[in-house]
Amino acid sequence: MKQLTALQQQGRRSNSFRNLSESSADAVIKSPATIFWLLLHGLCCLISLVLGFRFSRLVFFLLVSGASTPSTNTALYSSIRTKSPSSSPERNVSSASRVMAGRHGILIRPWPHPDPAEVMKAHRIINRVQMEQRSQFGIKNPKTLIAVTPTYVRTFQTLHLIGVMHSLMNVPYDLVWIVVEAGGPTNETASLIAKSGLKTVHIGFEGSMPVSWEDRHRFESRMRVHALRMVREKRLDGIVVFLDDSNMHSLEFFDEVQNTNWIGAVSVGILAHSGGFEEVESSKIHGEDNAKYDKRSQVPVQGPACNSSSHFVGWHTLNSEPFVERSAKYVGDRGFVLPRKLEWAGFALNSRLVWAEGGADKPSWAKEWDGFGDDMETPLSLLKDTTVVEPLGSCGQRVLVWWLRVEARADSKFPPRWIIESPLSITVAAKRTPWPDSPPELPSSSSSSSSSSSSSSVKKESVVPDNVDKNPTKTRRKRSSRSSRR
Amino acid sequence: NMGGEMWVVLIIAALFLNCRFSDGISRNSAWTERISGSAGDVLEDNPVGKLRVYVYELPSKYNKKILQKDGRCLTHMFASEIFMHQFLLSSPVRTLNPEEADWFYTPVYTTCDLAPNGLPLPFKSPRMMRSAIQLISTRWPYWNRTEGGDHFFLVPHDFGACFHYQEEKAIQRGILPLLQRATLVQTFGQRNHVCLNQGSITIPPYAPPEKMESHLIPPDTPRSIFVYFRGLFYDENNDPEGGYYARGARASIWENFKNNPLFDISTDRPSTYYEDMQRSIFCLCPLGWAPWSPRLVEAVVFGCIPVIIADEIVLPFADAISWEQIGVFVAEKDVPYLDAILTSVPVEVVLRKQRLLANPSMKQSMLFPQPARPGDAFHQILNGLARKLPHDPKIFLRNDEHVLNWTAGPTSDLKPW
């Protein structure tokens, strides 16, 4: 009795023997028939344990179904791999229903693996659904973005420009990319930006990029004004953003600037403390710094500041005074590069601000273009009244752009378009016999090392500390000398 | 002159009514859609004033005492029987005067006898139901008037009033003979099946609304999963060889698509189950031991297009909701080609289905919220009952007429409860 109820509770679905047990569930059963069935059930359980499937079912089916066709048997034995549903001997439904209760085969198609054409179609559906989601819940009526990037040919140009390019390629809005090149448009830059597939405008600007950072900042501002002049002449419509080629922009930046009305400002993270901050820190501990230096206010961010009622009240800039002595003066110096008080990168303008008369209703606080000359330190010079700036990114709380200046020395060389044209000179011969004992030559700061620096692109350039013994007589194991090639 | 004016007024009125009731798809806002016309508008009908329901006062051993024994009855997928009772007790459609009632409700919780693992045991349910009916037939005259023709019962178990979890057994038993004339409100629905009477109302299984609503994610989260499913493919305990459970359909899904990156299917249920459904485009709703499952409710609430794999299934409120336009139906024999079927759905159709699912009245109609909200499943049940009015005069029997056989059914059912 207890066993029967235990059986009921363990496995919900029936066992063939439960047909009998249910009807007598309540009565006390001690008849020999029941004991016989119990023993038989126990025996079948043991056999099932050994065989791995429910043997008792099989026996029951074979006993009860008189006209057992081979198909039924094969269905029971190989139910995992059949291609057609089997007929079940327990069919008790009305003939009107096409659906039969009972055991069916598991249908598996001949090649149960993904079909690449189907995968492509599915991805297209996913893309379209996401587009629809963006249009429903994202920005309505997105405006064209006009990105202004000043650049010039130098070692780090490829690295920086590829970064900006890839960011722009991921922007889901219409885009015009104005690349202003110092010294006139070159094929180097043109070949780089051609790979983007974006709508680009490549213009040149007279003059070569200065070597000192001070002069360079000013030169870049003039390049940007030159681009704005082009926006004005061509009456390009949209939102102008200033993407310096070494900066990093998050994709939320491009979504956020869509909310600009006339002139908006985002918070810019200043990554100026590259490699020099620890020096300043240690000097602070020694108490060298002036009293004004307060570590708490050194949040490396430039951007709009709001009061508690989310109104724009002023600017937050980085106090760079403690760092001025240690800052880099020339491009490629060690030490960090300091930004100016407010960088162009944090501003977004409605292009109509620079349009000539006859454009859309320009607000009264917008100055006319003509009186500038080329000296515009920030876009704020376009305004008579700087309080109309719209703070973006939760009122400046979200940093969406990072300002960074990383450059090699002004005279550093690199293979044009990073394609190695002429065959390289051999510095280390590839032979099976042990490598020569002498370590690779240190790259010296003179330009004669340029060929070795380009050929060293084949093997990794390792900075060997000064105290390494360069005595060629010292034997080196094969493994350690090969480690420089890894 | 008077006649002329009358004609003008009549014509204007006719045009107005014509526009009101014309078929067509109306777009409320850009991103939800209603199916207007005979099917869609019905979801927003208000049943108050259209029917009157009398609730029998049964001794608490039929309802409250059972609930007290096991509180899990309020959270499992059969909880609709309990919540419907609570809703009716305080609803404006309730009447305390049985003479004016159109429908009679008997609150008996037949699906609340739970095993230790939480699944309801149906073995005592027939006797319980019989006992309840005996009680109402002796204490009140209204049962004998129609032999249950104007009574309705909630039987949300696997196979409804067949009172068994196993399909063959349920078919053998058939619907409880005493309930043959009553209206059954049940979750089970399959065409040409013994356990679905003509005139039954199919309802969705209970899914906890607060729990689902607490897991909503922002609607601009991109839907990046193509097909999603979490659940068993093989029922190891009861059908280890496979082929019996889900008529082999779930096992077929696993064997064909376990290697397919478009199909995010697995047996383990993560804590982000609801969030994942909101990031999916299609959600599979295959049959299990019974054709229906709470996955359909979850898919509708989370805006994921339900892919219904259950032959001949009758979906909830099928006369009010046009499921063909909302979900995708796949025959069980076509499961091996599910990926081809789903990728061949045109993109505009996918977008349209998503818009229909985004309709809030669609989501409300699948839920049993506490307290009740307009347009929810309780109201849809009442709407369904109201649509069956007025009663066919033939259900009213003369004094000497007896149609039901009180001794029909297995002998174990006849024992008192």
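Which residue in strand 12 of chain A does Ser267(A) stand opposite? The answer, Val399(A), is taken up in point 2.

1. Basis of the note. This is a predicted model, in which local features need pLDDT of at least 70 and side-chain atom pairs count only at pLDDT 80 or more, while totals for chains, interfaces and linings use all residues. Residues are numbered from 1 along each chain as its sequence is written, chains are lettered from A and ligands numbered from 1 in the order in which they are written, and side-chain values use heavy atoms, with hydrogens and water left out.

2. A sheet in chain A. Five strands of chain A form an open sheet in the order 5-12-7-8-9, with mixed pairing; the edges are strand 5 (248-249) and strand 9 (312-316), each of which pairs on one side only. Strands here are DSSP runs of E with at least two residues, helices are runs of H or I with at least four, and both are numbered from the N terminus; two strands pair if DSSP finds at least two bridges between them. Strand 7 (residues 267-270) and strand 12 (residues 399-403) of chain A pair in the parallel sense over four bridges, and it is in this pair that Ser267(A) stands opposite Val399(A).

3. Glu220(A) and Arg216(A) form a salt bridge with an N to O distance of 3.1 Å, the term meaning a side-chain nitrogen of Lys or Arg within 4 Å of a carboxyl oxygen of Asp or Glu. Both residues lie in helix 9 (residues 213-234) of chain A, four residues apart, about one turn of the helix. An α-helix has 3.6 residues a turn, so residues three or four places apart point the same way. Glu220(A) and Arg216(A) are both buried, where buried means under 20% relative accessible area, exposed over 50%, and partly exposed in between (1.4 Å probe, protein chains only). The two belong to a network of salt bridges that also links Arg154(A), Arg224(A), Asp244(A), Asp245(A), Arg405(A) and Glu407(A).

4. Salt bridges in chain B. The structure holds 33 salt bridges over all chains, among them one between Arg72(B) and Asp70(B), with the closest N and O atoms 3.1 Å apart. Arg72(B) is partly exposed at a relative accessible area of 34%, whereas Asp70(B), at 16%, counts as buried. Lys258(B) and Glu255(B) also meet through their side chains, at 3.3 Å from N to O; Lys258(B) is partly exposed at 40%, and Glu255(B) is buried at 12%.

5. Chain B has 15 helices and twelve strands, and 60% of its 417 residues count as buried. Of the contacts in chain B (heavy atoms within 4.5 Å) with a separation of 6 or more, 71% are between residues 24 or more positions apart. Helix 13 (residues 347-358) of chain B reaches 17 Å from its first C-alpha to its last, close to the 16 Å expected, the expected span being 1.5 Å times one less than the number of residues. Nine of the twelve residues of helix 13 are buried, including Val347(B), Lys353(B), Arg355(B) and Ala358(B).
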